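Hello,

Here is the structure I promised to pass on. Have a look at it first, and then read my notes below.

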Amino acid sequence: GPVDKDPATRRSLTSPNPRTYDYILVAQKQDDDLNQKSQRQKAFLQQLEKKNIKITRIIHDDKVFFGLRAPQEMFENYQYLLKVSDSCNWCGDHNGEVTHANRSAACFYLSNELKLRKKQKELKKSWARWSALFTGQPFSDVKYYFGEKIALYYLWLGWYTKLLVPAAALGVVVFLYGLAFFNTNPLINEVCQSNIIMCPRCDKTCQVWKLSDTCSYAKVSHLFDNEGTVAFAMFMAIWATLFLELWKRHRARHVSQWKVYDWCEEEEELIMEIVNDPDCTPKQFRHSYLRSTLVLILVTLMLMLIIGLAHALVVFRVVAAPLLSECQWKFLKDHANTVAVMLGAVLHYVTIQIMTRVWKLHLSLFLTLQLQCTCEKTNSLAATERSFTVKMFTFQFFTLFSSLFYVAFFLGRINGHPGNYVRLAGFRLEECHPSGCLTDLFIQMAVIMLLKQTLNNIFEFTVPWLKSCMNKSTAKKLERKCGYCYRKACRDEHGRVEPCDICKLRDWLRNYHLADTDEFSLFNEFLEMVVQFSFTTTFVAAFPLAPLLALINNIFEIRLDAIKMVRLERRLVPRKTNDIGVWTKVLEAIGVLAVIANGLVIGVSSDFIPRLVYRYRYGPCANGTTDTRCMQGYINDTLSMAFMSHPDVQRDFKIEQMHNVTECCYRDYRSDEDYSLTPQFWLVLAVRFAFIILFEHVVVVCKFIAAWFVPNNPIGVKNDRLHDKLARLKEELR
């Protein structure tokens with residue numbers, strides 16, 4: 001990769017600059033010069049030499065290091081073509097020389113090694129350290145060292161973290177609102193003081209139970225299912241839009257300062273092609289409905305596989321609950337359903353980790369990199385990267401959220417009723433708790449989010465750190481051998497220092513033994529944060545503390561990524577860009593999905609609508625009475641009765657399960673005589689649908705108003721660009 005090393009400690013500030021290398025290639029040493037791999041190496045090196053690239057070859061153990069020096073003419077051609085293309089807001093000083101702020105990526109990042117060493121040292125001291133956890137980020141220095149693409153990642157992550165502060169604060173307020181009425185809420189008191197006997201939750205081993213046994217569960221349910229969560233869900237949907245619009249303004253300011261506002265990826269790749277081969281021809285744009293259909297079919301098959309895995313997790317939960325209820329340990333026996341939910345969430349997390357690696361290593365790479373020859377005819381590296389990003393995120397999103405969608409919208413709604421239970425693999429499907437289904441969704445989200453953020457960060461940091469610690473010894477041995485090499489004997493005819501092979505090898509090994517990086521390193525960082533953004537917005541109605549967890553994680557994530565990239569990993573190849581690319585479109589899609597999902601969670605999963613209907617239609621206050629609690633009797637109203645005298649109920653419940661109880665309750669709106677759905681069920685269902693439509697239309701209108709109200713580009717940026725263009729036109733005319 002690009003050279004990236006600390007300056008020699010014994011070099012004086014007045015000593016001449018040592019000759020540097022633009023790129024270092026490392027290959028396995030080949031003993032047989034006639035084998036295929038050796039022949040390919042020679043052919044590749046010959047092609048480099050034809051382009052006047054100087055190659056220095058050093059052998060160390062079983063590795064061969066190749067130091068590459070590109071001719072200055074190559075960088076000059078790149079600079080000139082970039083200038084005439086107008087893709088980098090090019091401008092020069094009065095002497096016609098290119099200023100530091102506007103130099104091209106190839107020349108600026110790869111041939112100024114001493115400046116990069118100094119910048120790396122500055123970043124280590126001021127940014128890439130844990131003691132700088134709450135300090136600002138030097139975006140210009142990051143851009144100088146890593147390039148615009150990585151600088152924009154940190155710019156976006158910093159902005160996302162900053163805007164999480166109001167979301168996290170409001171989420172905590174909503175949580176505290178639920179906590180404030182913990183002991184006085186009539187619904188909680190009704191559950192805790194109830195003598196209602198509930199029907200068995202599973203076959204054979206489960207017994208009837210008292211509703212008051214789940215008093216703690218009812219309290220937890222109220223923390224995340226109250227009136228405040230509705231307002232918070234609306235706020236987060238609008239917050240997602242404001243975040244994106246404000247991000248576009250924030251990005252515009254910085255890319256305008258960096259002189260890449262008008263940068264064009266197509267022109268950049270054309271310039272690179274011309275510099276490499278003056279007689280090149282551009283890759284043509286192509287489109288085929290047959291190829292697109294084939295890719296769509298393959299992607300659909302992959303999504304069906306993911307949905308199948310979600311069904312497997314459902315089967316696990318259905319089977320685990322009755323098995324745990326047979327356990328001799330009283331705690332597991334009494335909390336079988338809750339433990340089954342938590343075990344299902346942990347298994348879901350393990351599945352996510354496995355499938356993520358499968359998608360990345362095989363399926364997405366196959367679909368993008370191999371099928372592009374026959375199916376996807378992308379005409380540039382950027383287009384291929386976009387295609388990979390969309391596929392990989394789609395697979396990751398469905399892997400993460402398939403189980404959550406089941407818990408949010410299907411759990412407890414397709415399980416049937418006593419006498420007519422729906423069964424899977426011979427086991428009854430799960431039921432919702434009488435206090436509501438939202439707590440199951442909260443448990444699922446909390447477990448996955450905490451495990452994913454905590455374990456991912458631990459492995460993300462410790463693996464490159466351990467590798468760096470293990471591989472320091474080789475470079476230290478060579479450092480003791482080297483001595484002081486910047487003497488007169490090491491200077492060439494122009495007075496430039498040419499370090500000896502031991503010094504070169506010492507520096508090259510120091511970088512080679514750092515953790516490896518590739519074109520997907522930055523993609524993985526973006527994927528992790530965009531998935532977190534999905535958690536923070538999509539089901540936030542069930543988990544108001546999600547923005548707080550995201551905020552805490554991101555404060556450490558920024559510093560962890562900085563330490564990892566500056567100290568523990570090889571420096572990524574700098575690349576120009578003026579945006580975060582297709583990730584902007586992905587975030588916009590998540591924002592729309594968040595509106596739909598939160599509307600469905602409140603309308604379908606939450607008890608907000610049934611409570612509303614009861615208050616104004618069936619409760620004590622329905623006739624205008626105000627001297628009593630309006631929600632008194634709500635829990636009892638949501639329960640239906642099953643009688644052992646019914647033959648179908650006798651088939652589902654054994655006598656030993658009932659403990660001489662002739663009737664029990666279950667959560668549903670059904671008639672006690674024939675178990676048909678009551679008019680109250682249809683009224684609640686109609687109000688649910690009406691609320692979902694109203695919620696989504698109101699929030700979407702608010703999103704459009706917010707997007708219109710906040711312009712993408714600040715007026716100052718527009719005026720600065722106008723003056724820059726005018727100054728350049730005058731200079732060209734002169």
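To start with a term you will need: a salt bridge is a side-chain nitrogen of Lys or Arg within 4 Å of a carboxyl oxygen of Asp or Glu. Please keep in mind that this is a predicted model, in which local features need pLDDT of at least 70 and side-chain atom pairs count only at pLDDT 80 or more, while totals for chains, interfaces and linings use all residues. Residues are numbered from 1 along each chain as its sequence is written, and side-chain values use heavy atoms, with hydrogens and water left out.

Salt bridges

A search of the whole structure finds 20 salt bridges. One of them joins the side chains of lysine 119 and aspartate 141, at 3.1 Å from N to O. This pair links distant parts of the chain, with lysine 119 in helix H4 (residues 113-126) and aspartate 141 in helix H5 (residues 139-146), 22 residues apart. Helices here are DSSP runs of H or I with at least four residues, and strands are runs of E with at least two, numbered from the N terminus.

How covered are the two partners? Lysine 119 is buried, at 13% relative accessible area, whereas aspartate 141 is partly exposed, at 24%. Buried means under 20% relative accessible area, exposed over 50%, and partly exposed in between (1.4 Å probe, protein chains only).

Glutamate 525 also forms a salt bridge, with lysine 564, and their closest N and O atoms are 2.4 Å apart. Here glutamate 525 sits in helix H18 (residues 521-538) and lysine 564 in helix H19 (residues 546-568), 39 residues apart. Glutamate 525 counts as buried because its relative accessibility is 5%; lysine 564 is buried too, at 3%.

Lysine 564 has a salt bridge with aspartate 561 as well, at 3.7 Å from N to O. Shared partners join Glu460, Glu525, Asp561 and Lys564 into one network of salt bridges.

Record and other places

The unreviewed UniProt entry annotates "transmembrane region" at several stretches, including 530-556 and 580-604; such annotations may be inferred rather than shown by experiment. In the model, residues 530-556 are 74% helix and 0% strand, with end C-alpha atoms 16 Å apart. Residues 580-604 are 88% helix and 0% strand, and their end C-alpha atoms are 35 Å apart.

Lastly, isoleucine 655 lies in helix H24 (residues 655-658) and counts as exposed, at 66% relative accessibility. Isoleucine 655 and lysine 204 are 451 residues apart in sequence, and 9.9 Å apart in space from C-alpha to C-alpha.
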